[in-house]
Amino acid sequence: MLDPDLKRRLIEIVGPEHVLDSNEIQLAYSYDATPGFQSLPDAVVMPGSTEDVQKIVRLCNETKTPIVARGSGTNLSAGTCPLHGGIVLSFQRMNRILELDEENLTVTVQPGVITQTLCDYVEQRGFFYPPDPSSMRISTIGGNIAENSGGLRGLKYGVTRDYVLGLTVVLGNGDIIRTGGKLAKDVAGYDLTRLIVGSEGTLGIVTEAILKLVPPPETKQTLLAVYDRMEKAAETVSEIIAQRIIPATLEFLDQATIEVVEDFAKVGLPTEAAAVLLIEQDGAPEVVDRDIQKIERICRDMGATSVERAASESEADALRTARRTALSACARKRPTTILEDATVPRSKVAEMVGAINDVAKKYGLSICTFGHAGDGNLHPTVLTDARDKDEMARVEQAFEEIFRKAIELGGTITGEHGVGAMKAPYLEWKIGKAGVHAMRAIKQALDPNHILNPGKLFYEPEAVTGEVAK
Ligand SMILES: Cc1cc2nc3c(=O)[nH]c(=O)nc-3n(C[C@H](O)[C@H](O)[C@H](O)COP(=O)(O)OP(=O)(O)OC[C@H]3O[C@@H](n4cnc5c(N)ncnc54)[C@H](O)[C@@H]3O)c2cc1C
């Protein structure tokens, strides 16, 4: 329950209509897109400006009240689950595009802007913002920045980090810092912009962002390569890169995923295939033509049973949309869908996919694997039922084995979804004790009272999962 004095002071800052603490609201904000994590906040507060956020953070720092920043709650690492109660800071009101600077190729936005809205806005004006997480129709720029989200275009264009030039951030003690700017070069001290990007709401609250834009590609072409053996598809990924071609998109779907996606999206995917690759190249027409021809040849040489170009933009869009729906399609099959994010060097994709299949067999689980294969970023997705304790124990063992394998192959426990509460037990596997120690020291310096998103990144064995905790 929200302390009455704290509630009164929050209302003084944002007004009564922006401090919500009914049971329904608490329940609605007690979970995010991550299965198995739920915990009630005391209230949801909706700031309208950086100054509001500063006042709220100062008040929470004084009263040691946890603050969980929240965009749309689509994260897959329990990053917005308020494990320690406190307030959820929702950016629904701070959703404005503040400035398009055509000379400097930048756009300045508030954190609550929906990713797709931003992409559409700049595209209508002849610019391009490439980061495109599959959740872009719902996710916010604040969430994308805090998770350093990737997307289908990540292989060629990079991830969110590569487009964040400057940030306005409220730190845990209420100080406001402005990092970077509309600058192509800036080495004035530590790179605080990069520190905040991907910090999952644990170091500061982002209240404004200056993002880099690029000219839009002149044209693009899309093709679908079909395989009767998954290894051949994975080997094609390595071969395309080895031949020094960087496609805009290089996505992988295994047989189990093709079936569920086709059942859901009905775009004519070959359900008997062992795997498909969705490949896209963009740029100047002659470059696209040349690359697509080479890619077609490589796919055939590597054993593709068919390689088809999309005949029209609407056909290409249907394929892209089908890929983006993979998680939703999986979610229709069984009560619980747990999607993971193991990432390996591109050259190890084939080995990693094989290992995931072995793990699925060993533990008797149904795992659909899809993902940004060109980035080595795979999403093994278990279709399961959280009520089946025996199966859930096997799911946990299976994921541990998958993470260990990814690390053994030079990879990581998460390529784009963040650590949150879900991966916190495994962070040390990836960065070692000294790495965790260094990260804790940074946390201590910027958020001395640990009010910002407590329980995330750093493992707390007592962290609450699975049921409403308060
Ligand atoms: C169907 C589906 C597909 C997805 N596809 C992709 C994909 O292709 N690539 C990918 O990378 N991810 C993907 N995701 C994961 C998720 O969408 C991303 O992590 C996204 O960036 C989260 O945005 P959000 O607005 O929902 O943030 P939230 O989930 O609300 O928050 C995410 C994190 O950001 C923090 N945060 C939010 N706003 C702020 C702020 N203003 N200041 C500081 N911290 C803040 C939160 O505390 C939390 O730690 C997918 C998720 C789903 C459900």
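The model is predicted, so local features need pLDDT of at least 70 and side-chain atom pairs count only at pLDDT 80 or more, while totals for chains, interfaces and linings use all residues. Residues are numbered from 1 along each chain as its sequence is written, and side-chain values use heavy atoms, leaving out hydrogens and water.

Let us begin with the sheet. Five strands form an open sheet in the order β5-β6-β9-β7-β8, paired antiparallel. Strands (E, at least two residues) and helices (H or I, at least four) are DSSP runs numbered from the N terminus, and two strands pair if DSSP finds at least two bridges between them. At the edges stand β5 (97–101) and β8 (176–180); each has a single partner strand, so one side of each is left without a neighbour in the sheet. From one strand to the next, the twist averages 15°.

Look now at β5, which four bridges join to the antiparallel strand β6 (residues 106–109). Here Ile97 stands opposite Val109 in β6.

Helix α3 (residues 50–63) packs on it, touching β7 (164–171), β8 and β9 (204–212), where contact means heavy atoms within 4.5 Å. The direction of α3 makes about 40° with that of β7; axes are lines fitted to C-alpha atoms, for helices over the stretch in contact, and angles run from 0 to 180 degrees between N-to-C directions. Helix α4 (residues 115–124) lies across β5, β6 and β9, at about 35° to β5.
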